[in-house]
Amino acid sequence: PQQLLLASWVKEAGFGSSLEEDFPPFVVDIYISELHLGLELDGPFHLKKSDKKRDSYLQSEYNLPIWRFLNKEIVSRFKPVFIDTLIQFAQDKIDA
């Protein structure tokens, strides 16, 4: 449910996204192709150490930054902060 909610916020910010996008040997929860950005939702069983290695691999092999969120963070009060941050990220890419 949080994955779909986060994807809807991406859409509301004006960007398309795809769910469960392959970046072998990994799969990214949400991929925003226009920004070349991956979003990962972490439940209670995620291992921070292996997530860091995974994120480093995706950055080095695909130049893909990963934003991580805890499932419990994806609540309505977080929505405006997320959308503003995503739009700012996009603006920074345009300005670069």
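Guide: Let's take Asn63, which counts as exposed because its relative accessibility is 53%; the classes used here are buried (under 20% relative accessible area), exposed (over 50%) and partly exposed in between, with a 1.4 Å probe and protein chains only. Keep in mind that this is a predicted model, where local features need pLDDT of at least 70 and side-chain atom pairs count only at pLDDT 80 or more, while totals for chains, interfaces and linings use all residues. Numbering runs from 1 along each chain as its sequence is written, and side-chain values use heavy atoms, with hydrogens and water left out.

Back to Asn63: its phi is positive, about 50°, although the residue is not a glycine. You'll find Asn63 in the loop between helix H2 (48-62) and strand E4; helices (H or I, at least four residues) and strands (E, at least two) are DSSP runs, numbered from the N terminus. His36 is another non-glycine residue with positive phi, near 45°, and His36 sits in the loop between E2 and E3. His36 has a relative accessible area of 23%, so this residue is partly exposed.

One more backbone detail comes from the prolines: Pro24 and Pro25 are joined by a cis peptide bond, with omega about 10°. Pro25 belongs to the loop between strand E1 (18-23) and strand E2 (26-32).

Zooming out for a moment, the chain has three helices and four strands, and in sequence order they read α-β-β-β-α-β-α. The radius of gyration is 13 Å, close to the 12 Å from the globule rule for 96 residues, so the chain is as compact as a globular protein of that length; the radius is taken over C-alpha atoms, and the rule is 2.2 Å times the number of residues to the power 0.38. Along the principal axes, the C-alpha atoms fill a box of roughly 30 × 30 × 20 Å. Of the 96 residues, 34% are buried. Among contacts (heavy atoms within 4.5 Å) with a separation of 6 or more, 56% are between residues 24 or more positions apart.

Asp42 is buried, since its relative accessibility is 8%. Its side chain makes a polar contact with the side chain of Arg68 at 2.6 Å; that term means a pair of N or O atoms within 3.5 Å, where within protein one must be able to donate a hydrogen and the other to accept it, and residues adjacent in sequence count only if both atoms are side-chain atoms. Beyond four places in sequence, Asp42 is in contact with Asp51, Arg68, Phe69, Leu70 and Asn71.

Glu40 is also in strand E3, and at 3% relative accessibility Glu40 is buried. A polar atom of the Glu40 side chain lies 2.7 Å from the backbone nitrogen of Asp29. Setting aside residues up to four places away, Glu40 touches several partners, including Val27, Val28, Arg54, Ile66 and Trp67.

Ile74 is buried, with a relative accessible area of 4%. Its C-alpha atom is 7.1 Å from that of Leu6, a residue 68 positions apart along the chain. Outside four places in sequence, Ile74 touches Gln2, Leu5, Leu6, Trp9, Leu41 and Phe69.

In helix H3 itself, look at Ala90, a buried residue with a relative accessible area of 9%. Ala90 and Phe15 are 75 residues apart along the chain, with their C-alpha atoms separated by 9.7 Å. Ala90 touches Phe15 and Leu35, not counting residues up to four places away.

Last, the surface. Its accessible area comes to about 6,000 Å², and 57% of that belongs to carbon and sulfur atoms; these areas come from the Shrake-Rupley method with a 1.4 Å probe, and for residues only the protein chains shown count as cover. On the charge side, there are 11 positive and 15 negative side chains, with the centres of the two sets 8 Å apart. Here Lys and Arg are positive and Asp and Glu negative, while His and the chain ends are not counted, and each charge is placed at NZ of Lys, CZ of Arg, CG of Asp or CD of Glu.
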